[in-house]
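Subject: Handover of a structure

Dear colleague,

Please find the structure below, handed over for your use.

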Amino acid sequence: MASSEQRNKNCKRNDYINWHDYFMATAFLAAKRSKDPSSQVGACIVNEDKKIVGIGYNGMPLGCSDEEFPWAKNSEDVLENKYFYVCHAELNAVLNKNSADVKNCTIYVGLFPCNECAKVIIQAGIKEVIYLSDKHSQKSSTIASKKLLNAAKVKYWQYQPNQSKIVIDFDEINWNDMNQLPQSPEKYDVTEKNDVLLSVEKLRL
């Protein structure tokens with residue numbers, strides 16, 4: 001992407017990200033909130049007007065301390081594994097919705113939804129699933145998920161982003177260059193100001 005120094009500031013910027021990259025990146029940013037040490041997944045729900053109406057990531061339910069509940073995957077005691085406790089990103093995105101419903105919306109998610117999330121997606125009325133990875137395609141839960149989505153006529157497809165990385169750099173903003181107000185007049189010291197006033201007074205005499 002062109003730097004702010006190289007960019008023509010008199011014309012529209014052309015190196016902005018497209019809608020799909022924007023919404024998928026939002027899902028990936030949400031995933032950064034996940035405490036799961038093994039898998040961090042985010043989801044972003046978008047309505048037909050391209051407005052974000054729900055965001056979620058995988059984590060423990062409200063009131064269930066992520067310090068006390070287990071994050072393990074392979075404990076011999078199934079109650080000491082995370083699977084009985086963690087809420088997936090898709091479920092949280094639906095529950096976190098800021099609209100009356102998510103009917104006919106699209107959900108962007110980093111990983112193809114499991115069968116349990118597919119049920120939530122179908123019941124919520126979401127019409128489209130856009131995912132990035134299908135690394136668990138051979139698992140029974142993923143196969144069942146696709147069977148459910150197909151039966152409910154929910155469209156799903158794998159997105160290939162235009163760029164492999166979108167960097168969020170908090171130092172990128174230059175508030176001086178971005179200031180929309182008229183530039184302030186050059187400052188001068190009080191002595192100079194007084195000299196000007198004296199000159200004006202002399203002209204009046």
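In which loop does valine 78 lie? Valine 78 belongs to the loop that runs between strand 2 (52-57) and helix 2 (89-95). Please note that this is a predicted model.

Valine 78 has a relative accessibility of 48%. Because buried means under 20% and exposed over 50%, valine 78 counts as partly exposed. Together with Leu79, Tyr83 and Phe84, Val78 forms a nonpolar patch on the surface. The accessible area of these residues together is about 450 Å².

Overall architecture

The protein chain contains six helices and five strands. Their pattern, read along the sequence, is α-β-β-α-β-α-β-α-β-α-α. The protein chain has 205 residues, of which 30% count as buried. Among the contacts with a separation of 6 or more, 60% are accounted for by residues 24 or more positions apart. The protein chain exposes about 14900 Å², and carbon and sulfur atoms supply 52% of this area.

Helix 3 spans residues 115-124. Its buried residues are Asn115, Cys117, Ala118, Ile121 and Ala124. What covers these buried residues? Glycine 125 follows helix 3, and the phi of glycine 125 is positive, near 90°.

Lysine 50 is not a glycine, yet its phi is positive, at about 60°. This lysine 50 is located in the loop between strand 1 (42-46) and strand 2. With a relative accessible area of 40%, lysine 50 is partly exposed.

Asparagine 104 is likewise a residue other than glycine with a positive phi, here near 65°. Where is asparagine 104 found? The loop between helix 2 and strand 3 holds asparagine 104. Its relative accessible area is 34%, and asparagine 104 is therefore partly exposed.

In summary, the points to look at in the display are the nonpolar surface patch that includes Val78, the buried residues of helix 3, and the positive phi values of lysine 50 and asparagine 104.

With kind regards

Notes. Residues numbered from 1 in each chain as written. Predicted model: local features only at pLDDT ≥ 70, side-chain atom pairs only at ≥ 80, totals over all residues. Heavy atoms only, no water. Patch = residues over 30% accessible without salt bridge, like charges linked within 9 Å, V, L, I, M, F, W, Y side chains within 5 Å. Areas by Shrake-Rupley, 256 points an atom, 1.4 Å probe, with all protein chains shown as cover. Salt bridge = Lys/Arg side-chain N within 4 Å of Asp/Glu carboxyl O. Helix = DSSP H or I, 4+ residues; strand = E, 2+ residues; numbered from the N terminus. Buried < 20%, exposed > 50% of the residue type's maximum accessible area, 1.4 Å probe, protein only. Contact = heavy atoms within 4.5 Å.
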